[in-house]
Amino acid sequence: MKISKEIILKLSDLARVKIDEKDVERITNDIDKILRYMDKLSELDTSQIEPMEYLNLSSNVLREDEVRESYDRDRLLACVPERNEEYVIVPGLTFEQ
Amino acid sequence: MELYQYTIHELSRMIKLKEIGVYELTKYFLNRIKEKDSKIGAYITITEEEALKRAEEVQKGIDRGEFNSLLAGIPMALKDNICTMGIPTTCASRMLSNFVPPYNATVVEKLYQNGAVLLGKLNMDEFAMGSSTESSYFKITKNPVDPERVPGGSSGGSAAAVAAGEAVYALGSDTGGSIRQPASYCGVVGLKPTYGAVSRFGLVAYASSFDQIGPITKDVLDCAIVFNAIAGKDEFDATSSDFKHPDYAEELNNLYNRYCCENECIKSGILKGIKIGIPREFIDDGVDEDVRKAILKAAKIFESLGAECEEFSLPIMEYVIPTYYIIAFAEASSNLARYDGIKFGYRAEKFEDLMDFYKTTRSEGFGIEVKRRILLGTYVLSSGYYDAYYKKALKARTLISRDFNKAFEKYNVIMGPVTPDTAFKIGEKTDDPIKMYMGDIFTVPVNIVGLPAISIPCGKDRNNLPIGLQLIGKHFDEKTILKAAFLFEKVVLE
């Protein structure tokens, strides 16, 4: 199936990535070409094949539920774009319709 | 010989014999970076002040006899997707340009315990997505062998820094060849360990089922020394393995003693019992003539050491690129969903509503290749296409694993080139993503199956550019590929 501009704009919504108007055509063409190349896999008969989701995960990893020292709050908060002493500050995000 | 040319094992000895101090050595490398890096562009961040302070501490520790590691006092640098507490870790992205991690990656903790001195953080393709280090938000790194060419990627800064003598060694990460390919292009040694051999805790995630951290070094012994220090189970990475690693450096030293002390007869049989398979698909028409010749010459060298080399067919190779990229796109789109502009990283200033806040933040924060991969990943995971692309690729992964494991029933090592060509010119492939992806054909199957592989220099092409030889081993059999690579290096140097 040919990838259309509409599909790209839908993906841009789903992935929360804005695409500049000037780049839409280029990205649409690139993605169309790349997916066509990936279609090669349809040649493979995989009807009896199980998907391989994990590598070398032969058992669950369990541990005791114990209290441990965690990361320092100030250090973690230092990464936040905007904050006060205790909280993450988010921009005002409710709007009148 | 200049100081920047020495290996870890040579410098470590000089430090031990007090021929040079750690502070002096660190200062030397910082000066060399100042002098050279404006032309190479390997570093994003240089941690001069911290490095000098650390050098003094490590020297005191060495004087008190606290370190017995060969890495004690050796100046090194890290790819900028490996978290360093208090030191920016940007992933070469605008999205993380202001990110200062609140913790160290496990590999960083381990290197520090061994007395390592950090010189700085190295350039890469944005979020490790690329094969040329051209997609960095900050700058393009140049290949020290020929500045008009790319150093490879995504660990291009790591390979360039080691090749240019701007660090004694470096760590990189390898998702589809990102350690081996730049090592090959820059003429240095790079090891991609078995999936699970090295903890990924603190490595910024790209495609979690492929990612592994590994060393880039000047020679194979150095590679073993660094791998010794970083390998092992980590409770912070549930996919890390409790495999009991041997002392890889000691194995090589023992081998060297045998190789040097024994008579010619033993020398010519030192790899007896080792069967090396060369897939025909690795040396076919798509491969540069000089590269092919270098690989066949390498086979002769292994035969002269007693190994058996044999060509065999691996037809599944036709499907490795689509399989790899579909899974990598899917995992990337999922991993990169965390960059929302709220908790850390870049945040857009102008926006209309919540949806626009996310979209603008991510659009301004990510570069074109990252966006392309997120969109592709979103597509292959979306309802209606999931089975045709993502699930299909996971099934192909089963088939590829099966074929490689079958080959390993017969061979101890699978050998071939790292890449079909040598370092290309800057800008040559930036407009053609498929052309760029195709160059990864010989490196991605290793990540699909989770195998270990080493890249070592094995000659030069007609333009005097380095050619890389790739030795692929069975799961957790780094020992065999390190031994074979080590002996190969010795024969070539003689």
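Among contacts in chain A (heavy atoms within 4.5 Å) between residues at least 6 apart in sequence, 27% join residues at least 24 apart. This is a predicted model, in which local features need pLDDT of at least 70 and side-chain atom pairs count only at pLDDT 80 or more, whereas totals for chains, interfaces and linings use all residues. Residues are numbered from 1 along each chain as its sequence is written, chains are lettered from A and ligands numbered from 1 in the order in which they are written, and side-chain values use heavy atoms, with hydrogens and water left out.

**Chain A**

- The secondary structure of chain A consists of 3 helices and 0 strands, where helices (H or I, at least four residues) and strands (E, at least two) are DSSP runs numbered from the N terminus.
- The order of elements from the N terminus is α-α-α.
- Of the 97 residues in chain A, 29% are buried; buried means under 20% relative accessible area, exposed over 50%, and partly exposed in between (1.4 Å probe, protein chains only).
- Within helix α2 of chain A, A:Asp32 and A:Arg36 lie 4 residues apart, about one turn of the helix.
- These two residues form a salt bridge, with the closest N and O atoms 3.1 Å apart; the term denotes a side-chain nitrogen of Lys or Arg within 4 Å of a carboxyl oxygen of Asp or Glu.
- A:Asp32 is buried at a relative accessible area of 6%, whereas A:Arg36 is partly exposed at 48%.

**Interface of chains A and B**

- In chain B, 70 residues are in contact with 53 residues of chain A.
- The two chains bury about 5,600 Å² between them, 71% of it on carbon and sulfur atoms; buried area is the accessible area (1.4 Å probe) that two parts lose on being put together, summed over both.
- B:Lys359, B:Leu375 and B:Lys392 supply 12% of the area that chain B buries against chain A, more than any other three residues.
- Across this interface there are 6 salt bridges.
- B:Lys359 and A:Asp13 meet through their side chains in a salt bridge of 2.6 Å, N to O.

- Helix α5 of chain B (residues 156-163) is largely enclosed by the rest of the structure, because 7 of its 8 residues are buried.
- Just after α5(B), B:Gly165 adopts a positive phi of about 70°.

**Aromatic pairs**

- Over all chains there are 27 aromatic pairs; rings of Phe, Tyr and Trp (its six-membered ring) pair if their centres lie within 6.5 Å, with planes under 30 degrees apart counted as stacked, over 60 as edge-to-face and the rest as tilted.
- The rings of A:Tyr71 and B:Tyr103 form a tilted pair, with centres 5.5 Å apart and planes at 35°.
- This pair joins two chains, because A:Tyr71 lies in the loop between α2 (21-38) and α3 (73-77) of chain A and B:Tyr103 in the loop between β2 (75-79) and α4 (106-113) of chain B.
- B:Phe312 and B:Tyr411 also form a tilted pair, 4.9 Å centre to centre with 35° between the planes.
- B:Phe312 is in strand β8 and B:Tyr411 in the loop between α14 and β9 of chain B, 99 residues apart, and both are buried.
- Ring pairs link B:Phe99, B:Phe127, B:Tyr339, B:Phe344 and B:Phe366 into a cluster.

**B:Glu369 and charged partners**

- The structure holds 32 salt bridges over all chains.
- B:Glu369 is placed in helix α13 (residues 368-381) of chain B and counts as buried at 11% relative accessibility.
- B:Glu369 and B:Phe127 are 242 residues apart in sequence and 9.6 Å apart in space, C-alpha to C-alpha.
- The side chains of B:Asp146 and B:Arg149 meet in a salt bridge of 3.0 Å, N to O.
- Salt bridges that share partners join A:Asp30, B:Glu369, B:Arg372 and B:Arg373 into one network.
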